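Here's a quick briefing to read with the structure open beside you.

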Amino acid sequence: MNEANELPPGTASLLEELEKKLMVLLRDGRTLIGYLKSVDQFANIVLQSTIERIHVGQEYGDIPRGIFIVRGENVVLLGEIDIEKEKVLPLKKVTVDEILDAQRREQESKQEQKKRVNKALKERGFAYIPDLNHDDMY
């Protein structure tokens, strides 16, 4: 930074995104889409008209979340949404109930697969090493 009032490069880039529609991937795996209304020096952001988008296979569902405040440390990825490309997504939009049910089934299937792998490893004499899930990170 050459001047005392100059912002860090990351923050300056975010200021250029104000009022734009952004997709934000959070550390816990959630995907948010909303309009960037505010950002500070810590990259904390405020999104307006926010939806949480859940993807399962070739389907997706959107859960309205309204105004959403995100701490900068929880942002993994952030990018502008191309409004025209969003209109022609190669995915099928389903209801919130349908996508939540599909997500639950997918998680149960992954848990069953993990149990089978752990059982097979145990039978072969390997010790069980738990996977870190998103809840373990906090």
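Start with Lys115, which is exposed, at a relative accessible area of 52%. Keep in mind that this is a predicted model.

- Lys115 pairs up with Glu112 in a salt bridge, and their closest N and O atoms are 3.8 Å apart.
- Both Glu112 and Lys115 sit in helix α3, three residues apart, or about one turn of the helix.
- Glu112 has 40% relative accessibility, so it counts as partly exposed.
- Another salt bridge joins the side chains of Arg105 and Asp101, at 2.4 Å from N to O.
- Arg105 and Asp101 are four residues apart in helix α3 (residues 96–123), so about one helical turn separates them.
- Arg105 is partly exposed, with a relative accessible area of 46%, and Asp101 is also partly exposed, at 29%.

- Lys21 belongs to strand β1, and its side chain makes a polar contact with the side chain of Glu86 at 2.8 Å.
- That pair also counts as a salt bridge, with 2.8 Å between the closest N and O atoms of Lys21 and Glu86.
- Glu86 lies in helix α2 (residues 83–86) and Lys21 in strand β1, so the pair ties together parts that are 65 residues apart in sequence.
- Glu86 is buried, and so is Lys21.
- Leaving out residues up to four places away in sequence, Lys21 touches Ile33, Gly34, Tyr35, Gly79, Glu80, Ile81, Ile83 and Glu86.
- Zooming out, a network of salt bridges links Lys21 and Glu86 with Arg53, Asp62 and Lys93.
- The salt-bridge count comes to 14.

**How β1 is paired**

- Strand β1 pairs with β2 in the antiparallel sense, over five bridges.
- Opposite Leu22 you'll find Gly34 in β2.
- β1 and β2 form a hairpin with four residues between them. In the turn, Gly29 has a positive phi of about 95°.
- β1 is also joined to strand β5 (residues 75–80) by five bridges, and these two run antiparallel.
- Leu26 has Val75 as its bridge partner in β5.

**The nonpolar cores**

- How many residues make up the largest nonpolar core? There are 11, among them Leu14, Leu22, Val24, Leu26, Leu36, Ile45 and Phe68.
- Which strands each supply at least two residues of this core? They are β1 (21–26), β2 (31–39), β3 (45–56) and β4 (59–70).
- A second, separate core has six residues, including Val56, Ile63, Val94 and Ile99.
- Back in the largest core, Leu36 is a member that touches Leu14, Glu17, Leu18, Glu19, Lys20, Leu22, Ile45, Val46 and Leu47, not counting residues up to four places away in sequence.

Conventions
Residues are numbered from 1 along each chain as its sequence is written. This is a predicted model: local features need pLDDT of at least 70, side-chain atom pairs count only at pLDDT 80 or more; totals for chains, interfaces and linings use all residues. Side-chain values use heavy atoms; hydrogens and water are left out. A nonpolar core is a set of buried Ala, Val, Leu, Ile, Met, Phe, Trp, Tyr and Cys residues joined through side-chain atoms within 4.5 Å. Buried means under 20% relative accessible area, exposed over 50%, partly exposed in between (1.4 Å probe, protein chains only). Contact means heavy atoms within 4.5 Å. A polar contact is a pair of N or O atoms within 3.5 Å; within protein, one must be able to donate a hydrogen and the other to accept it, and residues adjacent in sequence count only if both atoms are side-chain atoms. Two strands pair if DSSP finds at least two bridges between them. A salt bridge is a side-chain nitrogen of Lys or Arg within 4 Å of a carboxyl oxygen of Asp or Glu.
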